[in-house]
Amino acid sequence: MPYPEIRPRRLRRNAAVRRLVSETRLDPAELVVPMFVKEGLTEPRAIASLPGVLQHSRDSLRKAAVEAVQAGVGGIMLFGVPATRDETGSGGVDPAGVLNTAIRDVVAEVGDSTVVMSDLCLDEFTSHGHCGLLTPDGGVDNDATLAAYADMAVAQAAAGVHVVGPSGMMDGQVGVVRKALDAAGHRDVSVLAYAVKYASAFYGPFRDAVESALEGDRRTYQQDPANLRESLREVELDVAEGADMVMVKPALPYLDVVSAVRAAVHVPVAAYQVSGEYAMVEAAAANGWIDRERVMLETLTSIRRAGAQIILTYWAVEAAQLLRERY
């Protein structure tokens with residue numbers, strides 16, 4: 001029947017009705033908060049391009065982990081910022097390195113109350129800032145890098161991590177990491193594959209957070225933002241190699257990719273709302289141009305609606321607190 005008999009606005013008449021018929025819901029348990037720990041800090045340090053996000057000391061990281069658990073977030077993704085770097089990124093494998101130490105600290109503090117994840121990549125640990133080992137002519141050596149990733153995965157698992165996140169976009173990385181974990185007896189450690197990671201301009205503030213030494217770009221291994229079918233191929237390969245979960249990064253500029261990946265696989269799909277996405281909203285809110293909390297939740301809802309079951313976001317703790325208050 002046409003108007004006036006059909007009136008969709010009946011289902012928008014007040015907050016209670018809108019809540020009842022809402023098609024997409026955010027849950028704190030689906031949010032993962034990235035956290036940075038910097039070697040040698042005694043107090044947390046603000047990151048200018050990421051308002052509200054900190055480089056943590058060991059002590060402040062433990063406290064932040066407890067706060068995240070109390071808010072109900074589903075997980076914590078850890079990134080390490082070492083005091084020194086070298087050509088091979090050896091600090092990423094060192095059991096006493098900043099990231100492996102942080103894993104032990106957080107697991108000791110919160111145990112299984114949340115999922116402790118770790119970034120599995122060399123870029124934070126290399127003096128050149130690339131995600132892998134370099135060839136003599138300065139290119140990234142895919143297969144030599146895989147061997148380093150295998151060692152790094154085992155080191156992180158030995159530190160107690162629940163999930164490793166290979167993020168370097170090396171061909172074959174998921175299979176090599178899975179085999180290394182299994183061979184070392186860490187069969188229960190899951191792999192969250194950064195299966196779709198674009199060579200994006202939205203990563204700038206993150207590179208401030210980890211004090212990246214990168215010069216140039218990563219376009220020879222991260223994906224072309226113009227490509228979608230290539231992403232589906234990457235996902236298919238990672239699932240075949242043993243990925244327990246797959247991720248799309250960034251999130252908002254690639255919601256069509258998130259949706260396509262969700263339709264293509266039967267494993268959980270994650271999306272990473274990256275630093276540039278976060279920083280743009282914070283900057284606009286600081287200027288009074290947008291309603292910060294509404295935009296925060298609107299962006300997260302859009303990622304969830306596109307099909308991401310898990311969302312990595314710097315707003316995870318705050319968003320979780322808001323959701324618990326409202327629902």
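Trainee: Is Arg178 buried or partly exposed, judging by its relative accessibility?

Mentor: Buried means under 20% relative accessible area, exposed over 50%, and partly exposed in between, using a 1.4 Å probe and protein chains only. At 11% relative accessibility, Arg178 counts as buried, whereas Asp182, at 25%, counts as partly exposed. Please keep in mind that this is a predicted model, in which local features need pLDDT of at least 70 and side-chain atom pairs count only at pLDDT 80 or more, while totals for chains, interfaces and linings use all residues. Residues are numbered from 1 along each chain as its sequence is written, and side-chain values use heavy atoms, with hydrogens and water left out.

Trainee: What joins the side chains of Asp182 and Arg178?

Mentor: A salt bridge is a side-chain nitrogen of Lys or Arg within 4 Å of a carboxyl oxygen of Asp or Glu. Asp182 and Arg178 meet in one, at 2.9 Å from N to O, and they are separated by about one helical turn because they stand four residues apart in helix 5 (residues 173–183). Helices here are DSSP runs of H or I with at least four residues, and strands are runs of E with at least two, numbered from the N terminus.

Trainee: Which parts of the chain does the pair Asp105 and Arg58 link?

Mentor: Their side chains form a salt bridge of 2.7 Å, N to O, and the pair links distant parts of the chain, with Asp105 in helix 3 (residues 98–110) and Arg58 in helix 2 (residues 58–71), 47 residues apart. Asp105 is buried at 9%, while Arg58 is partly exposed at 44%.
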